[in-house]
Amino acid sequence: MRERIIIDADPGQDDALAILLALAMHEKLDVLSITTVAGNVPLLLTTANALRILDLAGRPDVPVYAGAEAPLLFPLETAEFVCGPDGLAGSGLPHSQRNPSPLHAVDAMIAVIRQASSESITLCALGPLTNLALALRMAPDIAPRIKRIVLMGGAMGLGNMTPAAEFNIHVDPHAAAVVFGAGIPVVMIGLHLTLKAICPAPCMQRLAALDSATGKAVHGMLTRSRPGGLGTVGHPMHDPCVIAWLLWPELFSGRECHVDIETSAGAQRGRTTIDWNNRLKQPPNALVLDTVDVPVLFDRMVDALATLP
């Protein structure tokens, strides 16, 4: 039976690859909708990018709903310095001729989950958690129908937006606090894992050899010029790890931990304190993943992407 998922994203190159992977593995994943949030770039662009990605995959049947334009309390901070002015630098994708569905993403999310049976929907969160937090606050009755939330966010060590915080959690820490405190099973995939997820050279060669629009777009995004000072050689594929864990959990490992979110406006804003060794004796609120088999991960991802147009 296919797993029913909603992808909440702020595309973003790595969001694009995550969405394409989910669409390619349609025999295992049923993508009910894509909801967009402001994050890597403003909401107008993240929504346009979601439509561009669906056009690339030939999936006009998947609805796109635009969501929150700003975090719950803080002003929006974006990441064009990584993703480029439109968020999809290197992709070469044309603008879509389609428009998003008129319903707000949070309302759409609530409606779909309310219609579902108990614990039957998985939420895949690839950006700031604003939409998820709003849905849980507006409609707390949906919580029992959510199977789990698999998210890319946080870090066990240094951040990538500040020394303390990873981008998604930094942008809207209050939303992250709502999600981690909701009592719903959370799978957390943070920088301590995703910074290892850099496409190996043999897989990059396989991507370059794909005679498809998808192959060209993904290869272009992974080989685009990269600003200095980001700490890695190549482009870490943070968000595809969310989808990959659903597909191939045997490639990952981690442990149940209590995760605390810093919501103050100071230098620690967005810090995720992960009690890896259970020093505080608090009940765990997340499965925190920390390892992944990178060569096998990317081999399987390229195999999947090769099935798309």
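The structure is a predicted model, in which local features need pLDDT of at least 70 and side-chain atom pairs count only at pLDDT 80 or more, while totals for chains, interfaces and linings use all residues. Residues are numbered from 1 along each chain as its sequence is written, and side-chain values use heavy atoms, with hydrogens and water left out.

Let's begin with the sheet. Helices (H or I, at least four residues) and strands (E, at least two) are DSSP runs, numbered from the N terminus. Here 8 strands make an open sheet with mixed pairing, and you can trace them in the order S3-S2-S1-S4-S5-S6-S10-S7. Two strands pair if DSSP finds at least two bridges between them. S3 and strand S7 (252-257) are the edge strands, each pairing on one side only. From one strand to the next, the twist averages 25 degrees. Leu123, for instance, has Ile149 in S5 as its bridge partner.

Now for a helix that packs on this sheet. Helix H11 (residues 240-247) touches S1, S2, S4, S5, S6, S7 and S10, and its direction makes about 140 degrees with that of S5. Such angles run from 0 to 180 degrees between N-to-C directions, with axes fitted as lines to C-alpha atoms, for helices over the stretch in contact. Why is H11 described as largely enclosed by the rest of the structure? The reason is that 8 of its 8 residues are buried, where buried means under 20% relative accessible area, exposed over 50%, and partly exposed in between (1.4 Å probe, protein chains only). Among them are Cys241, Trp245 and Leu247.

Helix H4 (residues 105-115) also has buried residues, namely Ala105, Val106, Ala108, Met109, Ile110 and Ile113. The buried residues of H4 pack against several elements, including strand S1 (3-9), strand S4 (121-125) and helix H5 (130-138). Contact here means heavy atoms within 4.5 Å.

Next come the spaces. On a 1 Å grid over the protein atoms alone, a cavity is a set of points where a 1.4 Å probe fits but cannot get out; a pocket is an open set with protein on both sides within 12 Å along at least five of seven lines, and lining residues have an atom within 4 Å of a point. Grid points are joined across faces, edges and corners, and a volume is the space filled by probe spheres set on the points.

The largest pocket holds about 470 Å³ of space. It is lined by 27 residues, and the closest to its centre are Asp14, Val82, Asn160, Phe167 and His238. Helix H1 (13-24), helix H3 (80-83) and helix H6 (167-171) each give two or more residues to this lining. By class, the lining has 13 nonpolar, 7 polar and 7 charged residues. (Ala, Val, Leu, Ile, Met, Phe, Trp, Tyr, Cys and Pro count as nonpolar, Asp, Glu, Lys and Arg as charged, and the others, Gly among them, as polar.)

Finally, how many cavities of 30 Å³ or more does a search of the whole structure find? It finds 1. The lining of the largest cavity includes Leu17, Val218 and Phe298, and H12 gives the largest share of that lining, 4 residues. The lining of this cavity has 8 nonpolar, no polar and no charged residues.
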